[in-house]
Amino acid sequence: MNTQAAIVEGTGKYVIENYGRLPMAAARGQGALLWDADGKEFIDLFPGFGAGGVCGHCHPAISDAVKAQADTLLSHGNLFTNEPQVDLAKRITENAFGGKVFYCHSGAEANEAALKLVRLAAGEGRYKIISFNNCFHGRTMGGLSLTPEGFQKGFEPMLPGNVKVDIGDLDAVAAEIDDETAGVIIEPIQAEGGVNVPSVEFMQGLRKLCDDNNLLLVCDEVWTSPARTGKWFAYQHFGIEPDVMTLAKAIGGGLPVGVCVAGPKCADVLVPGTHGCTMGGNPLCAAAGAAAMKLIEDENLLDRAIHIGQRVADAINGAGIEGVLEIRGKGALVGVQLDDSIQAKDVMLACMEKGLIICIAKNNVLRVAPALTTEDSVLDKGLAILVDVMRG
Ligand SMILES: *Cc1c(COP(=O)(O)O)cnc(C)c1O
């Protein structure tokens, strides 16, 4: 195997540098541990940037399902169906709000499907979608159109008619609704935008506004589901149901799966010829996703998410660190708001030095989102490093 330096150098030479990556090559993972290509061990409290969310690295329940499927059939296109995609769809819809799913491979693609579905359902002349400041809905032209201007620079013009308002401001939402509005898209908790949790009143008011104006409400749950926040899906914290929900990141158990879930009201909007994805619902990725959903149920990972989030918050609160303004989030999606005296990016890099992986979000927020299978002993070891680094 090549040294880490050689792999990093090869990356710079052959792979487009659109990420601002750290000079590390990931080589192997087990549970909450990750090793780089030189064998250095990390405690990973941010597995897969959300995509390793549920089960940690190489959980045997996932690996076994993938191995078995890999020896059976990898993909076959959408002239046919397969059992794993039915299994995963059943587990998603039965734990959510019924309806049916469309499969693709990423969050951006899932949101594209949702956008097309919303426009088609709304009918001719209604095309505007309302989204929220500090949101993130993906990098494709549609997702980008819904996302704040900073991400759009150089790629204009965007899709027409997309407006953004502040979370919490129902009057602003109402003011933007006109005859051309088709729907509203919101993350039940904004993850990239700084781990921002809306109020129950706001979410319920938004639901009512959509009902009163015949708009479809889309929840982008790409970061927040499944199980991450202590519920199967994060909208379930707010006593509402969306009409459409998009999933990706952790829903594939570590493999690329994107899902657009359409509730009973709009499950039959996308008919043959309106949308598609050649490899969507392929049995390999679907089998991994279904195994992850089964694991959540078998190991009661919803409760585990709450326990882990509490333990993270307790450790940071207990350390009484100056510069911590607020700890927020739900379940095992934890954001730590820092003041100007500590830079989140510096904390993240210093943690890496000491063998701990965490991440940051917009506006000087630290983000911790451990796998829901992380043992307390490993979690505590990681949190000790974090607290130590934050003390400076
Ligand atoms: C990551 C993310 C996306 C985009 O997902 P990709 O798989 O990177 O395309 C969309 N919405 C939210 C809320 C996300 O966190």
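I worked on a predicted model, where local features need pLDDT of at least 70, side-chain atom pairs count only at pLDDT 80 or more, and totals for chains, interfaces and linings use all residues. Residues are numbered from 1 along each chain as its sequence is written, and side-chain values use heavy atoms, with hydrogens and water left out.

**Helix 9 against helix 3.** I took helices (H or I, at least four residues) and strands (E, at least two) as DSSP runs, numbered from the N terminus. I looked up helix 3 (residues 83-95) and helix 9 (residues 283-298) and found an angle of about 40°, with the axes 8 Å apart. Axes are lines fitted to C-alpha atoms, for helices over the stretch in contact, and angles run from 0 to 180 degrees between N-to-C directions. Helix 3 is therefore oblique to helix 9. On the cut-offs, under 35 degrees is roughly parallel, over 145 roughly antiparallel, 65 to 115 roughly perpendicular, and the rest oblique. I listed the contacts (heavy atoms within 4.5 Å).

**Helix 9 against helix 2.** Helix 2 (residues 60-70) packs on helix 9 at about 155°, with the axes 9 Å apart. The pair is therefore roughly antiparallel. In the contact list, helix 2 has Ile62, Val66 and Gln69 among its residues, and helix 9 has Leu284, Ala288 and Leu295 among its own.

**Ligand.** A polar backbone atom of glycine 107 is 2.8 Å from a ligand oxygen atom. A nitrogen atom of the ligand lies 3.2 Å from a backbone N or O atom of phenylalanine 136. For aspartate 220, a polar side-chain atom is 2.7 Å from a ligand nitrogen atom.

**Backbone.** I found a cis peptide bond between glutamate 156 and proline 157, with omega about 5°. Proline 157 sits in the loop between helix 6 (149-152) and strand 6 (163-165). The bond from serine 225 to proline 226 is also cis, with omega near -5°. Proline 226 is in the loop between strand 8 (216-220) and strand 9 (244-247). Alanine 227 is in the loop between strand 8 and strand 9. Its phi is positive, about 75°, although alanine 227 is not a glycine.

Definitions and conventions
A polar contact is a pair of N or O atoms within 3.5 Å; within protein, one must be able to donate a hydrogen and the other to accept it, and residues adjacent in sequence count only if both atoms are side-chain atoms.
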